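Walk through this structure one element at a time. Keep the sequence and the 3D view side by side.

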Amino acid sequence: MRVTWDIFCTVVDNFGDIGVTWRLARQLVAEHQCAVRLWVDDLRAFERLCPAIQVDAARQWQQGVEVCRWQGEWQPTASADVVIAAFACQLPDAYLEAMAAREQAPLWLNLDYLSAEDWVVGCHGLPSLKHKNVQKYFFFPGFQAGTGGLLREGGLLLQREAFQADAAARSVFLASLGVVPAPDARLVSLFAYENTGLASWLDAMATGGTPTHLLVPEGRVLADVLRWLDLEQMTPGMVQVRGALTLQVLPFVPQDDYDRLLWSCDFNAVRGEDSFVRAQWAARPMLWHIYRQEDDIHLDKLEAFLHLYTAGLSPDARLALQGLWRAWNVGGEMAGHWREAERHWQEWFEHAERWCLEQASRPDLAAALVQFYRNWL
Ligand code: TRH
């Protein structure tokens with residue numbers, strides 16, 4: 001009998017909640033033969049990542065996953081063997097009762113946000129709340145042994161390596177997005193929240209010695225790009241040139257194409273959680289715009305990651321990378337940090353590859369979840 005899984009996702013804002021749960025649901029089906037229902041309260045956000053989604057359907061099958069619209073009145077539903085509340089979302093009361101009514105209680109997990117902080121290791125797998133006879137457990141993704149790991153599909157790195165080794169595949173993919181970079185241009189992708197530091201970074205690229213082709217998928221940072229260009233609007237496909245910098249707006253692409261975009265670029269600016277992890281699997285130098293939290297607690301998370309990520313770098317390269325990331329995350333002046341980081345490009349490039357391999361040497365998050373269930377039985 002296939003193990004049944006229910007994954008609940010409320011889209012708080014942005015795309016990370018659905019991005020992570022959709023990726024996990026697909027992988028549990030494809031690699032672990034699980035029967036997965038994914039309950040989502042915002043199918044429009046989902047459609048951006050997966051254009052095949054029918055936004056009005058109460059139930060639909062997508063890539064082997066049963067996608068259920070989680071809106072309006074809850075219909076009586078039997079509980080699955082494993083229940084995942086993603087990012088502490090609140091399950092429907094009637095579903096909690098259905099969990100408690102099972103002869104054998106289900107495994108109930110809260111899939112938490114990703115953090116590199118040390119305390120995560122101590123809290124991963126601990127019991128949390130209880131509803132009647134059903135115990136909930138914390139499940140923390142993470143970068144260190146003793147955490148739940150990172151989402152990484154089987155074969156992902158081989159696919160990525162093959163793609164990056166195939167210049168023709170890269171050109172064909174980029175051309176499908178209308179991107180034809182000059183042969184000597186450095187290709188950079190930019191996915192970020194609003195950022196007052198952007199103008200100084202764009203200045204640095206426009207006046208720098210290396211031609212840069214910057215790709216900006218439609219989204220929140222675009223308003224800052226337009227302000228810098230002194231333009232009212234740019235639609236996908238449009239290109240603007242300022243000195244050594246060519247700027248191009250891209251459509252928001254389906255999730256698998258976004259991977260290929262990251263693999264195609266020499267440098268990726270990413271944000272939040274899922275794109276942040278995907279840029280690490282792309283094994284290229286990167287810049288992270290962390291999701292802002294109250295009382296600046298996100299800055300602790302940033303430091304925790306920087307501490308781990310920069311450990312193998314030479315002292316100068318380490319300082320350069322930390323300076324760039326810190327400036328970006330407080331909306332500070334970027335130009336000097338960018339020039340400094342450019343001096344360490346080759347080292348950073350090799351480091352990104354090493355970091356990727358090191359992270360990939362740990363069990364991936366879906367495998368860790370399946371193992372957690374087996375141990376729990
Ligand atoms: O959209 P985000 O800012 O999501 C955030 C974070 O997850 C954050 O931790 C969370 O608290 C907040 O949402 C509510 O960034 P993230 O996590 O990178 O998710 C973006 C998703 O969008 C990811 O799955 C990649 C995908 N994507 C595409 O599919 N196509 C695109 O063109 C782009 C730019 C992204």
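**Loops, sheet and helices**

Gln33 lies in the loop that links α1 (16-32) to β2 (35-40). The model is a predicted one. Phi of Gln33 is near 55°, a positive value in a residue other than glycine.

A second case sits in another loop. Asp230 is placed between α8 (222-229) and β11 (239-242). Its phi is also positive, about 60°, although Asp230 is not a glycine. Asp230 is exposed, with a relative accessible area of 70%.

Now turn to the sheet. Eight strands form an open sheet in the order β3-β4-β2-β1-β5-β6-β8-β7, and the pairing is mixed. At the edges stand β3 (59-62) and β7 (127-131); each has a single partner strand, so one side of each is left without a neighbour in the sheet. Neighbouring strands are turned by 25° against each other on average, direction ignored.

Strands of a sheet pair through backbone hydrogen bonds, either parallel or antiparallel. Here, β6 (residues 107-111) and β8 (residues 134-139) pair in the parallel sense over four bridges. Leu109 has Tyr137 of β8 as its bridge partner. Helix α3 (residues 93-101) packs on the sheet and touches β1 (4-9), β5 (82-86), β6, β7 and β8. The direction of α3 makes about 95° with that of β7.

Which residues of α5 (residues 156-164) are buried? They are Leu156, Leu157, Arg160 and Phe163. These residues cover an arc of only 125° around the axis, which puts them on the same side of α5. The buried residues of α5 pack against α6 (167-176), α9 (255-264), α10 (274-281) and α14 (345-360).

Conventions. Residues are numbered from 1 along each chain as its sequence is written. This is a predicted model: local features need pLDDT of at least 70, side-chain atom pairs count only at pLDDT 80 or more; totals for chains, interfaces and linings use all residues. Side-chain values use heavy atoms; hydrogens and water are left out. Two strands pair if DSSP finds at least two bridges between them. Helices (H or I, at least four residues) and strands (E, at least two) are DSSP runs, numbered from the N terminus. Axes are lines fitted to C-alpha atoms, for helices over the stretch in contact, and angles run from 0 to 180 degrees between N-to-C directions. Contact means heavy atoms within 4.5 Å. Buried means under 20% relative accessible area, exposed over 50%, partly exposed in between (1.4 Å probe, protein chains only). The arc is that of the directions from the helix axis to the C-beta atoms.
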